[in-house]
Amino acid sequence: MCSIHEYDQPERRVVDDFRSKLCMKCKTEEPVVVIRTHDPLCRGCFLQYCTHKFRSAFGKTRLVRDGEKALVAFSGGHSSTALLHLIQEGLSERAQKKLRFVPSLIHIDERIVTGFTDSSEDIEKIMTSSSFPCCLIPLEKVMSVQDLELKNTTQDIQRVKSNKSEEECFRKLLRSTKSLTAKEELIKRLRSNLLHIVAEKLGHTKIIVGDCCTHLSINLLSNMALGQGAHLPFETGFADTRDQNVLVIRPMREFTSKEVAFLNNLTGLKPHVLPTLLTKGQSNVSINRLTEEFVLGLQSKFPSTVSTIFRTGEKLDIVESEGQTERNESAKQCAVCKGPIDTNAGECSAMKATEFSETICKEARSDAIVNEDKSSSILKSMLEELCYGCRLLVRDMESINNLPSHILNELKTNIQ
């Protein structure tokens, strides 16, 4: 007995265990999925479990009122496909308690980022089959949103097309951003800006996204590494309240990626996953990709990793400093991400130490934004209108003037 080592012990197989049992809820059917380590469920009970979890997300907060218009962001991926299915089920006649809001679908075409030339016909078919009002808009349209014209209609599908000037300006913006991490964060911010602008133009007060628990847990760690720790409650909470006119709702935040995948499989849904900027890239090409590899690697060995990160993030809250309260600086918002300005830190903070080191070493740096733009008082004033995370993003660009026109106009208005 003493000669048996730990590595000689056979591994426990969850699959063999649950196949010999019955569904833990109905006690009659054969289980088809294990949602946790020892919780086998049959198909019917699992679908009921998903529906209840989705409906309870709205019931707990009561942020969506009856008859309110909501813009549902649909990318074609696993989470957004499951989100669309659950909304359709909640609005169907067979639902016991129907959802009360009025949904519209929007798909942001990001083919200009990847150079993917294939058409989006599969995305259009999924959207039109839902019978909801639909809108397809390219991401490069964010460069000149003042010219964006949308019709608030309940029929057919709206297709917004960009011109060559907008496409060239967007490509120039991407080329001016150096690292893949900065490009990925820039695309995320521009996508969020475009969603809010479209929602306002269509008269919607809510935006519903399909971010799941696994995705939010990865974002929580990567955002801290990117200097966005002060905005974590907005980035991972059920409701993003940075824009008081249009709230972002995340009803899928309690679902893990495993549950989403099983839901799509058991209901026969076929997501249409499009390539992204980091598709086929190595694990160290960006901070977000590296964080994803780290979290998913731990999750495969320790199944409670994602839930631990997620529940820890739920406890985070925003606390205003005494200086912000006295000067009423909490009302100031970043011109890019619309989050509160979080640069009012003490002299002994990490941000001040970073700025001091940059001041000492700036003569040795050769990038254009330091030698040319940052020396001007206008650029310095513009940077003061950004949060810490967006300042790091802008400093990774060759010039701040490559930003979309609506952001530049807001910056110029604020510094006047």
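Is Ser286 buried or exposed, and what is its relative accessible area? Ser286 is buried, with a relative accessible area of 4%; buried means under 20% relative accessible area, exposed over 50%, and partly exposed in between (1.4 Å probe, protein chains only).

This is a predicted model, in which local features need pLDDT of at least 70 and side-chain atom pairs count only at pLDDT 80 or more, while totals for chains, interfaces and linings use all residues. Residues are numbered from 1 along each chain as its sequence is written, and side-chain values use heavy atoms, with hydrogens and water left out.

**Figure 1. Overview of the protein.** The protein has 18 helices and 9 strands; helices (H or I, at least four residues) and strands (E, at least two) are DSSP runs, numbered from the N terminus. Of its 416 residues, 47% count as buried. Among contacts (heavy atoms within 4.5 Å) with a separation of 6 or more, 68% join residues 24 or more positions apart.

**Figure 2. Surroundings of Ser286.** Ser286 sits in the loop between α10 (257-266) and α11 (287-301). Its side chain makes a polar contact with the side chain of Glu184 at 3.4 Å. A polar contact is a pair of N or O atoms within 3.5 Å; within protein, one must be able to donate a hydrogen and the other to accept it, and residues adjacent in sequence count only if both atoms are side-chain atoms. A polar atom of the Ser286 side chain also lies 3.1 Å from the backbone nitrogen of Arg289. Leaving out residues up to four places away in sequence, Ser286 touches Leu180, Thr181, Glu184 and Leu278.

**Figure 3. Leu278 in the loop between α10 and α11.** Leu278 counts as buried, at 7% relative accessibility. Beyond residues up to four places away in sequence, Leu278 touches Leu180, Glu184, Val285, Ser286 and Arg289. Leu278 and Asn288 are 10 residues apart in sequence, and their C-alpha atoms are 9.7 Å apart in space.

**Figure 4. Leu91 in helix α3 (residues 78-91).** Leu91 is partly exposed, with a relative accessible area of 21%. Apart from neighbours within four places in sequence, Leu91 is in contact with Lys98, Leu99, Phe101, Pro103 and Phe132. Val102 is 11 residues from Leu91 in sequence and 9.2 Å away in space, C-alpha to C-alpha.

**Figure 5. The second largest pocket.** This pocket holds about 890 Å³ of space. On a 1 Å grid over the protein atoms alone, a pocket is an open set of points where a 1.4 Å probe fits, with protein on both sides within 12 Å along at least five of seven lines; lining residues have an atom within 4 Å of a point. Grid points are joined across faces, edges and corners, and the volume is the space filled by probe spheres set on the points. The lining has 28 residues, of which Thr51, Arg55, Lys97, Lys98 and Leu99 lie nearest the centre of the pocket. The largest share, 9 residues, comes from α2.

**Figure 6. Lys27 and Arg62, two residues with positive phi.** Most residues other than glycine have a negative phi. Lys27 has a positive phi of about 65° and lies in the loop between α1 (14-19) and β1 (33-34). Lys27 counts as exposed, at 54% relative accessibility. Arg62, with phi near 55°, is found in the loop between α2 and β3 (69-73). Arg62 also counts as exposed, at 72% relative accessibility.
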